[in-house]
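Open the model in a viewer and keep the selection panel at hand.

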Amino acid sequence: MAKTVREARKDCFYRLMDSPVGQLKLVASHKGLAAILWDSDRPGRVPLTILAEDESHPVLVETERQLRQYFAGERRVFDLPLDFSGTEFQKKVWQALLTIPFGETRSYTQIAEQIDAPKAIRAVGAANGRNPISIIAPCHRVIGAAGDLRGFAGGLERKTYLLGFEGSETKAFDFAA
């Protein structure tokens, strides 16, 4: 069995951004947006080599602009160069996340079927949990088959916020309460 190797990443820069879901660390390489990290992210969830802060990096400036539009209710689709770093399987899952429309959700089973790996539901969940580009590659839109919320790197409170902000309905929360 061939071993999957995680790509090495070099020359990444970051910029911090305050948002309605807390402080976000935007990370870019020379190819594009490499990560959006949570202030509570566990070390090593997204393995990156970050060299320095760069407030003027064009990808980071544009990412912040588009995220501000998203949180203001003015943007539903992002248009950014993305630089995913992971295994081929992870990249398939992350590309599938990009197809989930604003305000909609998909189950882990549906994502597994979409990438032609219907028995890899747990592997899809693991890849979803390692998604380096949260919000843009909307892993918060992936829920359990029964409509329940499952793990989220930013925490279930933030997942609940993002889904509610987008108008998604799940069995895990009730905004009327």
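Select α3 and α4: each supplies at least two residues of the lining of the largest pocket. Helices here are DSSP runs of H or I, at least four residues, and strands are runs of E, at least two, numbered from the N terminus. This is a predicted model, in which local features need pLDDT of at least 70, side-chain atom pairs count only at pLDDT 80 or more, and totals for chains, interfaces and linings use all residues. Residues are numbered from 1 along each chain as its sequence is written, and side-chain values use heavy atoms, with hydrogens and water left out.

α4 gives the largest share of that lining, four residues. Next, pick Y108, G125, N128, R150 and G151, which lie nearest the pocket's centre among 19 lining residues. A pocket is an open set of points on a 1 Å grid over the protein atoms alone, where a 1.4 Å probe fits, with protein on both sides within 12 Å along at least five of seven lines; lining residues have an atom within 4 Å of a point. The volume, the space filled by probe spheres set on the points, is about 230 Å³.

Move to R76, V77, F78, L98 and I136, the closest to the centre of the second largest pocket among its 16 lining residues. This pocket holds about 180 Å³.

Finally, select L162. Which residues does L162 touch beyond four places away in sequence? They are V21, W38, Y70, F71, I135, H140 and F152, where contact means heavy atoms within 4.5 Å.
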